[in-house]
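Welcome! Please open the structure and keep it beside the text.

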Amino acid sequence: MPPEAASSTGHIVARIRRPLPAERPHVRRCTRLLCSAFLTVLLVAGVVLFVVYLAVRPHRPRFHVTAFSASGIGPSSGGTVSLSGQLSIRNPNRDIAFFYDRFYLSVEYRGADVVKGQALTAAPLYQPPKTTSALAFQGVAASAASGDMARDAVEAGGRVELTVKVRSRIRARLAFWGNRHWHPLHVGCEVAVGPDGQLLAEYMQKRCSIDFF
């Protein structure tokens with residue numbers, strides 16, 4: 001065998017037989033300690049959040065129809081239908097307060113808005129815990145649908161169905177911590193009036209749907 005080949009073979013064998021680097025137990029120990037500490041922090045944070053949730057038990061605000069009328073829907077009126085009503089806003093939470101931006105009113109009839117985006121409040125509303133606030137409107141014109149409403153009052157068993165929709169923005173405050181982020185608020189209330197334009201009994205105090213999207 002040529003000396004060059006022998007030298008090359010010996011060099012390769014030496015490289016193959018080179019011992020592996022020695023393990024460093026202190027590195028593994030530190031890694032384990034860091035992982036354990038991180039998991040412990042996560043566990044403690046989860047327990048704290050769960051305990052706070054159980055103590056506070058946050059609830060959505062509740063909207064109910066307390067009054068509604070549609071004057072001018074009689075077959076002989078032939079004029080503008082005037083809508084009036086009131087919603088109640090209940091904050092059922094013990095420790096959470098709500099801030100509302102300005103409220104806007106829309107009324108839907110037969111799938112179309114006969115009132116759209118009318119301002120209900122001139123300023124934001126603050127609602128402390130365990131309180132009820134009123135949201136009223138009066139004399140809102142819906143002339144575009146007066147003829148159809150008059151026909152429904154006669155032909156549909158004296159029943160005119162509408163949807164009262166309210167939109168705003170909401171944020172919450174818990175004790176000394178306040179959420180600075182506003183969330184969209186959409187409320188929908190199904191109502192129906194009789195031939196006299198007054199709210200039917202089964203819709204009194206009916207709870208409204210609520211959506212935050």
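## Ground rules

Two strands count as paired if DSSP finds at least two bridges between them. Strands themselves are DSSP runs (E, at least two residues), numbered from the N terminus. This is a predicted model, in which local features need pLDDT of at least 70 and side-chain atom pairs count only at pLDDT 80 or more, while totals for chains, interfaces and linings use all residues. Residues are numbered from 1 along each chain as its sequence is written, and side-chain values use heavy atoms, with hydrogens and water left out.

Let us begin with strand E2 (residues 82-91), which pairs with E7 in the antiparallel sense over nine bridges. Strands of a sheet pair through backbone hydrogen bonds, either parallel or antiparallel.

These two strands belong to an open sheet of three, ordered E1-E2-E7 and paired antiparallel. Strand E1 (62-71) and strand E7 (131-141) are at the edges with a single partner strand each, so one side of each has no neighbour in the sheet. On average, neighbouring strands of this sheet are turned by 10° against each other, direction ignored; the axes behind such angles are lines fitted to C-alpha atoms, and angles in general run from 0 to 180 degrees between N-to-C directions.

## Strand E4 and its two partners

Strand E4 (residues 104-109) runs antiparallel to strand E5 (residues 112-119), and five bridges join them. The hairpin of E4 and E5 has two residues between the strands, and Arg 110 takes a positive phi near 55° there.

E4 also pairs with strand E8 (residues 160-174), again in the antiparallel sense and over five bridges.

## Aromatic rings

A pair of aromatic rings is described by the distance of the centres and the angle of the planes. Rings of Phe, Tyr and Trp (its six-membered ring) pair if their centres lie within 6.5 Å; planes under 30 degrees apart are stacked, over 60 edge-to-face, and the rest tilted. The whole structure holds four aromatic pairs. In one of them, Phe 98 and Tyr 100 have ring centres 6.2 Å apart and planes at 55°, so the pair is tilted. Tyr 100 also forms a tilted pair with Phe 103, at 5.4 Å centre to centre and 40° between the planes.

Phe 98, Tyr 100 and Phe 103 make up one aromatic cluster. Are its members buried or exposed? Phe 98 and Tyr 100 are buried, where buried means under 20% relative accessible area, exposed over 50%, and partly exposed in between (1.4 Å probe, protein chains only). The relative accessible area of Tyr 100 is 0%, and Phe 103, at 1%, counts as buried too.

## Cysteines

Taking a disulfide as a pair of cysteine sulfur atoms within 2.5 Å, the count comes to one. Cys 189 and Cys 208 form this disulfide, with their sulfur atoms 2.0 Å apart. The torsion about the S-S bond is about 105°, so the disulfide is right-handed. Cys 189 lies in strand E10 (residues 183-193) and Cys 208 in the loop between E10 and strand E11 (209-211), 19 residues apart.

Both Cys 189 and Cys 208 are buried, whereas Cys 35 is partly exposed, with a relative accessible area of 43%.

Notes:
Helices (H or I, at least four residues) and strands (E, at least two) are DSSP runs, numbered from the N terminus.
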